[in-house]
Amino acid sequence: MTKRAAVILAAGQGTRMRSSLPKVLHPVGGRAMVDWSVALAKAAGCERVIVVCSPAGTAVQEHVTETLGSDAIAIQDPPLGTGHAVLSARDALQDFDGDLVVLYGDTPLIPVSAVEALFDELNEGASVGVLGFDAADPGTYGRLIMSQSGDLDAIVEAKEANPDQLAVSFCNSGVMAAKSAEMFELLGKVTNDNARGEYYLTDIVEIARSAGGRCRAVACDEADVLGVNSRVELAQAERAFQSKTRQEFLLSGVTMTAPETVFFSHDSQLES
């Protein structure tokens, strides 16, 4: 099987959390959000996991060092966008040759099946795989524009979309995969010619297609890719985790007279 690695983006400041605790260290189901992403990467068979941190994020760096070792840390300095963040991990993966998935330290509920589906697309010849979801309210999400053949034609940001594109509800989660060498080659061609002067990971879709590559999108549920940027969204993620876990236990034969009063941890086990 092709070797696999993951880059987890965790350099954001998380100012909207209004907390001295870094955003990615806030727990869902009793586990720090960044650890959910690490566990996801390992469950998907990633033998290498690199966490991209900010130079000021010493608490996150210490946490990652304790769980993965200091070799698992890459520093993004200065912060120049998602594409630049992934490029910050290039040196740490210079000896790696295989499939690479980009995950996020503030998106704790992605199922392993979604990442496996992205790797499957790479194995079937896709240059880039993108995880998408049907949004109840697409709002400011980037739209995934699909061709009639089922390939991904483009990722269009909401502010740049025309009315027809804005009507699309299939949206970009931010999670993407490609062969490691191709990922870094494509990122090397990304420019910061945009209003924010940043290097966007999403630009690799257009670059890959311009070079004749096929891009593919796989779908998951909107709740699976809930990103946490505030205390409100943290509570939503916790609620989603508890609801899903209660349902799984109920379906396995566990009786809960009032399920909403029962709370689980990520490692909860029940024995008959």
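This is a predicted model: local features need pLDDT of at least 70, side-chain atom pairs count only at pLDDT 80 or more; totals for chains, interfaces and linings use all residues.
Visitor: Why is the aromatic pair of W36 and F241 called edge-to-face?

Guide: The planes of W36 and F241 are 65° apart, and over 60 counts as edge-to-face. Their centres lie 5.5 Å apart, and the limit for a pair is 6.5 Å.

Visitor: What parts does the pair of W36 and F241 tie together?

Guide: W36 belongs to helix 1 (residues 33-43) and F241 to helix 8 (residues 231-251), so the pair links parts that are 205 residues apart in sequence. Both W36 and F241 are buried.

Visitor: What makes F133 and Y141 an edge-to-face pair?

Guide: The angle between the planes of F133 and Y141 is 90°, and the class begins over 60. The centre-to-centre distance is 5.0 Å, which is within 6.5 Å.

Visitor: How do you know whether F133 is buried or exposed?

Guide: F133 has a relative accessible area of 2%. Buried means under 20%, and therefore F133 is buried.

Visitor: How do you know how helix 6 and helix 7 are oriented to each other?

Guide: The axes of helix 6 (residues 180-187) and helix 7 (residues 203-210) cross at roughly 100°. Angles of 65 to 115 count as roughly perpendicular, so helix 6 and helix 7 are roughly perpendicular. M183, L186 and L187 of helix 6 make the contact with I204, I207 and A208 of helix 7.

Visitor: How many residues of this contact are nonpolar?

Guide: Six are nonpolar, with no polar and no charged residues. Ala, Leu, Ile and Met are among the types counted as nonpolar.

Definitions and conventions. Residues are numbered from 1 along each chain as its sequence is written. Side-chain values use heavy atoms; hydrogens and water are left out. Rings of Phe, Tyr and Trp (its six-membered ring) pair if their centres lie within 6.5 Å; planes under 30 degrees apart count as stacked, over 60 as edge-to-face and the rest as tilted. Helices (H or I, at least four residues) and strands (E, at least two) are DSSP runs, numbered from the N terminus. Buried means under 20% relative accessible area, exposed over 50%, partly exposed in between (1.4 Å probe, protein chains only). Axes are lines fitted to C-alpha atoms, for helices over the stretch in contact, and angles run from 0 to 180 degrees between N-to-C directions. Angles under 35 degrees count as roughly parallel, over 145 as roughly antiparallel, 65 to 115 as roughly perpendicular and the rest as oblique. Contact means heavy atoms within 4.5 Å.
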